[in-house]
Amino acid sequence: MKKLALLGLLGLILVPFLAPAHAANPNLYVSAENSYYNNHFAGSMVIEVIVNDPNLADTSVGKGEPDVTINGNNLRMVQATDGRWYGYFANLDKAKTADQTVGLAGQGLDFGEFCSKNTTVFGPSFSESEGIAIPKTGATGATNGNSGFSTCTSVPGGSTVNNVVRYPKTINTNSAIPSGQIGLNSAVWPVIQLYSFNTSVVIQYNGAGSTQSVTLQYDDIPNITTTLDRTSYPPNSQVFATIKDIQLNQDPTARDSWSFNIVSPQTTFYMAFTENGANAANGGAGLVNLASSLSSLGFDKNGKLSMTLGSVAELQTNGYQTTTSTSDGSSKVVTFVESQPNTGIFENFDRSNISNVKIASNAPRGQSATMEYDQKSLSIVSGLGDANISLGTNQPVSGQKVPVTVTDPDQNLNSGGKDKLDVFRSTAIIPTLTIGNPGTLEGASSVKIYTASTDVLTGGTSVSSSVPDKKSDRLVLDTRTSTGIANQSFEKMSLSTGISATTLQNLLIKTSSGDQGTNWVNYDLRSLQNQLGITDYADTTISLYFGLTDATPITIVSSANMTGSQGLVQIPNAAVSAIAGKSGTAFLVINFDASNNSSPQGSISSETDKQPIVVDLMSFGRKNNVDVTNGIYRFELQETSPTSGVFAGTMEYLIANQVNQFDANTIKSLRPISDDVKFFVNQRLIDENGINIAYSDVAQSGSNTGTSSKSDIRTHSGGAYLTTNIFRFGHPVTVVLEDPDLNTNHGTIDIYSVIDNPSSDNVDTVGDASGGILLEVLIKDIRYKRCTISGTETGGLAASGFSLVETGPDTGRFEGVFKMPSKICNKDGTELISPAGGTVDLKYHDFRDASGQASISSLTKTPTKTKLATPSSAKLDSKSYTLPKPGKTTDVTLTGKVQNYKTGTKIKFTLQTPDGKSSTLYAVATKLGSYKTILTLKPNSPTGQYSVDIEYQKNYVGKVTFMVNKK
């Protein structure tokens, strides 16, 4: 057994080992224990202590309270419904100071109400603390933070005002045991126990047989950092900023939210918005600026954030704040929300990866905005990078997928998710392939919208528009308020295509004039659906007017043929004939309520974005005896990872042959807008005529340089042969046809059938009644064709059930079998004759050979003496494989059997990789012709489709293909 290695450099990935948190204290958890901050906490931070001890976890029977102390003083612990025990504590002085800042009960840093340590009405004693904070109002004797503590003598019955322990675990109130196991009245849960401490704080759990402890430092917070997600930002990109500051984590049970006015006067708000972005303190008296109180709350240089936006950055709302201004008059507010409860990591980008800071669309290159926190400044630099585009192979083959990759850091707008080059996204640059001369909106202008579907086209409201990219030819509508358009509902829109009737007549194929082919509209209106509310296209039509007063417009897409907001729709032949009689410039009219029976479909209100749309006219076939292929294809590539700036997709093409060259279903299978584009060609395209995928890059220098990836589309010479030259009556005859151009559908098995229409001139040949002959079988130099003698029909090739079936997906090798007849019709079809003494010949009509020309090839009429090898029964252990992890390999096992094998002779295997490279391996089979070989995939092996061609004694005996994907 031999191996053929797919060579590639092994990558090295270092995986950090993360030790279990708090391994030294398996039963004790303290929320401020964090090695990054050296176990520091400060100010009014509330600390959560949890004891998770299986011996004390039963919630249905009485359990003794765990012995927990803070610097030797008892911390009362309460059992929750999850069986764990919870206690909360904070610094006495800073808790009172925080509570004094409250402007409205239940908002900001409200600790609730305070009771002295002598209070016993709530159940247990808190005598070893220096007082407690309870969550509700109404307890007799309770005070707020601006006065001394008194003994509380009644249980509170008012509203919950504690805002610094918002989501405690539910207290265990099982009726079989005291509330919380220690008899704490549930109305005062969660209770915060207050202590005085200056530096070291030791929390100790004296469990059965062991003591577990955590030492905290009550001091200024070390290692406070602010970071950005990248060093340079392209226009329209999101700016992800992260603050690591454990002191902002006031509530250990919830995601804290802090908002800052980034310009003068500087403001700092705690919980102006909820963690989900709704107004909390904002909008009322509870919105309190803490900037002047930060020092007394224990903050040092932290707690304040400022920014200089300049012409580089701008603010926007997101899921963390509903407005960039607050009710106190702060006009430029940025909100940071904790990533998870108790992390001390605060982010300005929401769960949908939208930041509240973005780079302006017209940001100048090489300039910066600044952000400062903890008196440390960061630069938000605007800049552009260079782009390139490449194909996975320079030798694409019909029906096989080819990787398409664009590298452009400028299109990585959001580091939190994978960006996509969607046609409907106004900021995207679209890689585009144009073949021939399709009609597009490149010269479009004069866009109007109409309130009613019946409005005359000479009226309407003008909408600003442009075609900024002459490669992708998207018409970009600008409905933003800044353009001056008023709020308006609409049912119809029109635009001048800039295309003359004469140009359309030259583009479209008029079948009524004897030409052959089909014409198509490719449209994409998804931006209107996403932004302007047009979601129902069931009553939409697309029409051409030649002049705004045209009394006989031509509908090119009816409502019955609309396929939603995006589609590829055939233009009726009658419409093409009608266009032939028109003159002047064509106006495109899209009527979203063609029946005039519903309320307005679209609405322009306070738009903040632009709307790109696409409408293309394409044609395929033969016009004036010249082959026609007019199409445009746009690649919606997907970023490979959130920060890569590398966008990937695939393409495939199918090439015309006798069967599909005029077939509407073939064109309908194309994917003109996709991350997996499929396009159509009907001739060889090489050298200056090769395909060119263009990308309008704005380079690092700021100029529109553009880039492209050029590739040849080659045609291939095909051929047919028989697997034997010995024929017996009634025995099967196997026909093999090899031509990669006949593989027109990736991943499926193509089949070519015999024409069974007696009235066709091409009856009993493989082909299409209207498209021509693909393959003829001749016996005794006579086409194997039916005839009727004395009223009795003798069948030909169709009657034998013959068809050419691809041996596997994407092999380009086809096989068919018929039984050798004992009688055949003579050339005139007037009598039956014996085929004995004659030859079997195959005539293959190659639509496009390697030179791009039509050709006909046939077998020699002299029987060969060498018996051709029969096909190998090659197979793989799988059709799809995943690249291995670094340091690993994956085996692809290929097995099979060669008939008539001679011991010791070699079988040849030729491997073709997706990057266009090939390598060869020779193997020896067993006496019976059985073989086994292994191909080895490495971590850096190219992804895509592989093929292995198998030859024995210079005869082609098989082919297998398989896909290799990333994990």
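Reader: Before we start, what does "buried" mean here?

Author: A residue counts as buried when its relative accessible area is under 20%, as exposed when that area is over 50%, and as partly exposed in between. The model under discussion is a predicted one.

Reader: Then is Asp374 buried or exposed?

Author: Asp374 is buried, because its relative accessible area is 8%.

Reader: Which residue does the side chain of Asp374 meet in a salt bridge?

Author: The partner is Lys376, with an N to O distance of 3.5 Å. Lys376 has a relative accessibility of 44%, so this residue is classed as partly exposed.

Reader: How many salt bridges are there in the whole structure?

Author: A search of the whole structure gives 23. One of them pairs Asp550 with Lys582, whose closest N and O atoms are 3.0 Å apart. Because Asp550 sits in the loop between strands E34 and E35, and Lys582 in the loop between helix H4 and strand E37, the pair ties together parts that are 32 residues apart in sequence.

Reader: And are those two buried or exposed?

Author: Asp550 counts as buried at 14% relative accessibility, and Lys582 counts as buried at 17%.

Reader: What does Glu652 pair with?

Author: Glu652 forms a salt bridge with Arg671, and their closest N and O atoms are 2.9 Å apart. Glu652 belongs to strand E42 and Arg671 to the loop between helix H5 and strand E43, so this contact links parts 19 residues apart in sequence. Glu652 is buried at 3% relative accessibility, whereas Arg671 is partly exposed at 25%. Through salt bridges with shared partners, Lys401, Glu652, Arg671 and Asp676 are joined into one network.

Reader: Changing topic to pockets: what volume does the largest one have?

Author: Its volume is about 1600 Å³. The largest pocket has 49 lining residues, and Asn236, Ser361, Ser426, Thr427 and Ala428 are the ones nearest its centre. By class, that lining has 18 charged, 17 polar and 14 nonpolar residues.

Reader: And the second largest pocket, which residues are closest to its centre?

Author: They are Pro403, Ala648, Gly649, Thr650 and Thr943, out of 24 lining residues. The volume of the second largest pocket is about 560 Å³. Strand E42 gives the largest share of its lining, four residues. The classes there are 11 polar, eight nonpolar and five charged residues.

Reader: Finally, which residues form a nonpolar patch on the surface?

Author: Ile749, Ile751 and Val805 form one, with about 240 Å² of accessible area together. Of these, Ile751 lies in strand E49.

Technical notes: Residues are numbered from 1 along each chain as its sequence is written. This is a predicted model: local features need pLDDT of at least 70, side-chain atom pairs count only at pLDDT 80 or more; totals for chains, interfaces and linings use all residues. Side-chain values use heavy atoms; hydrogens and water are left out. On a 1 Å grid over the protein atoms alone, a cavity is a set of points where a 1.4 Å probe fits but cannot get out, and a pocket is an open set with protein on both sides within 12 Å along at least five of seven lines; lining residues have an atom within 4 Å of a point. Grid points are joined across faces, edges and corners, and a volume is the space filled by probe spheres set on the points. Ala, Val, Leu, Ile, Met, Phe, Trp, Tyr, Cys and Pro count as nonpolar, Asp, Glu, Lys and Arg as charged, and the others, Gly among them, as polar. Helices (H or I, at least four residues) and strands (E, at least two) are DSSP runs, numbered from the N terminus. Patches are made of residues with over 30% relative accessible area and no salt bridge: like charges are joined within 9 Å, nonpolar side chains (Val, Leu, Ile, Met, Phe, Trp, Tyr) within 5 Å. Accessible areas come from the Shrake-Rupley method with a 1.4 Å probe; for residues, only the protein chains shown count as cover. A salt bridge is a side-chain nitrogen of Lys or Arg within 4 Å of a carboxyl oxygen of Asp or Glu. Buried means under 20% relative accessible area, exposed over 50%, partly exposed in between (1.4 Å probe, protein chains only).
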